[in-house]
Amino acid sequence: KFPVDFRNGRVSNAHDAAIWTDHATAIAAAATMGPSYGIGFVFTEADPFFFVDLDDAALEDGTGWKPHAIAICNMMQGAAIEVSVSGRGLHIFGVGRPPAHRCESKYHIGGLYHTDRYAALTGIGATGNAATDCTQALPSLVDTYWQTDAGQASGIGWTDSPADGWRGPADDDELIRRAINSRSTASAFGGLA
């Protein structure tokens, strides 16, 4: 699952455009390198695609897919769907820019990406077409599974004062002193908080 340079098989940075190539060349290089090699895709702002990476989407007994996975696949009608490398997840690819969203679902079901992401492609059980425009379905997908936090959605960001309901110290220096002296913080950092 590590990205490699198609010219020499060396593990490389997937986001280095110098190692990117076209589909036919990637397929040929993977075939030459052996059965443990495959192809991948790097999502960037320059392409029109999105990627849903559903983790652990298979039923425990292996007889099908969990209800959320089926619902998401149904929302993305016509998009490309394949089984992930693990055999327990699903990849969904289509065209469209999702609205503001979390990259990882707060329901711990996987991720939604459209840029700065590498995906190892399998072709296992592949159906649909990655060129399918899912623009109309993406807002509902985001609202249901990848909605932003309330602060992100409303544009509330960093402030210079405590959040409403904060009951701790108002002074930053006091807060830092307490964190440094906290047993849990010190132990989490090997006593070097």
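Helices (H or I, at least four residues) and strands (E, at least two) are DSSP runs, numbered from the N terminus. The structure shown is a predicted model, in which local features need pLDDT of at least 70 and side-chain atom pairs count only at pLDDT 80 or more, whereas totals for chains, interfaces and linings use all residues. Residues are numbered from 1 along each chain as its sequence is written, and side-chain values use heavy atoms, with hydrogens and water left out.

**View 1. Overview of the protein chain.** The protein chain contains 6 helices and 6 strands, which follow the pattern α-β-β-α-β-β-β-β-α-α-α-α along the sequence. Of its 193 residues, 34% count as buried (buried, under 20% relative accessible area; exposed, over 50%; partly exposed, in between; 1.4 Å probe, protein chains only). Contacts are defined by heavy atoms within 4.5 Å. Among contacts between residues at least 6 apart in sequence, 68% join residues at least 24 apart.

View 2. Rolling a probe the size of a water molecule over the atoms shows where empty space is left. On a 1 Å grid over the protein atoms alone, a pocket is an open set of points where a 1.4 Å probe fits, with protein on both sides within 12 Å along at least five of seven lines; lining residues have an atom within 4 Å of a point. Grid points are joined across faces, edges and corners, and a volume is the space filled by probe spheres set on the points. The largest pocket has a volume of about 1,000 Å³. It is lined by 40 residues, of which Gly 38, Ile 39, Gly 40, Phe 41 and Tyr 118 are the closest to its centre. Helix 1 (23-33), strand 1 (39-43), strand 3 and strand 6 each supply at least two lining residues, and the largest share, 6 residues, comes from helix 1. By residue class, the lining of the largest pocket divides into 26 nonpolar, 10 polar and 4 charged. In this classification Ala, Val, Leu, Ile, Met, Phe, Trp, Tyr, Cys and Pro count as nonpolar, Asp, Glu, Lys and Arg as charged, and the others, Gly among them, as polar.

**View 3. Lining of the second largest pocket.** The second largest pocket has a volume of about 240 Å³. Lys 1, Asp 53, Asp 55, Ser 84 and His 91 lie nearest its centre among the 18 residues that line it. At least two lining residues come from each of strand 2, strand 5 and strand 6, with strand 6 supplying the largest share, 4 residues. The lining of the second largest pocket comprises 7 nonpolar, 5 polar and 6 charged residues.

**View 4. The buried side of helix 2.** Helix 2 (residues 67-75) has His 68, Ala 69, Ile 72 and Cys 73 buried. These residues lie on the same side of helix 2 because they cover an arc of only 135° around the axis, the arc being that of the directions from the helix axis to the C-beta atoms. An α-helix has 3.6 residues a turn, so residues three or four places apart point the same way. The cover over the buried residues of helix 2 includes strand 2 (49-54), strand 3 (80-83), strand 4 (90-95) and helix 3 (138-145).

**View 5. Surroundings of Leu 138.** Leu 138 is placed in helix 3 and, with a relative accessibility of 0%, counts as buried. Beyond its neighbours within four places in sequence, Leu 138 is in contact with Phe 50, Met 76, Gly 96, Arg 97, Pro 98 and Pro 99. The C-alpha atoms of Leu 138 and Pro 98 are 5.3 Å apart, although the two residues are 40 residues apart in sequence.

**View 6. Thr 115 in its loop.** Thr 115 occupies the loop between strand 5 (110-113) and strand 6 (117-121). It counts as buried because its relative accessibility is 18%. Apart from neighbours within four places in sequence, Thr 115 is in contact with Phe 43, Thr 44 and Glu 45. A polar atom of the Thr 115 side chain lies 3.2 Å from the backbone nitrogen of Glu 45.

**View 7. Two residues of the loop between strand 6 and helix 3.** Gly 123 lies in this loop and is partly exposed, with a relative accessible area of 44%. Gly 123 and Val 85, 38 residues apart in sequence, are 9.5 Å apart from C-alpha to C-alpha. Ala 131, also found in the loop between strand 6 and helix 3, counts as exposed at 54% relative accessibility.

How values were computed:
A polar contact is a pair of N or O atoms within 3.5 Å; within protein, one must be able to donate a hydrogen and the other to accept it, and residues adjacent in sequence count only if both atoms are side-chain atoms.
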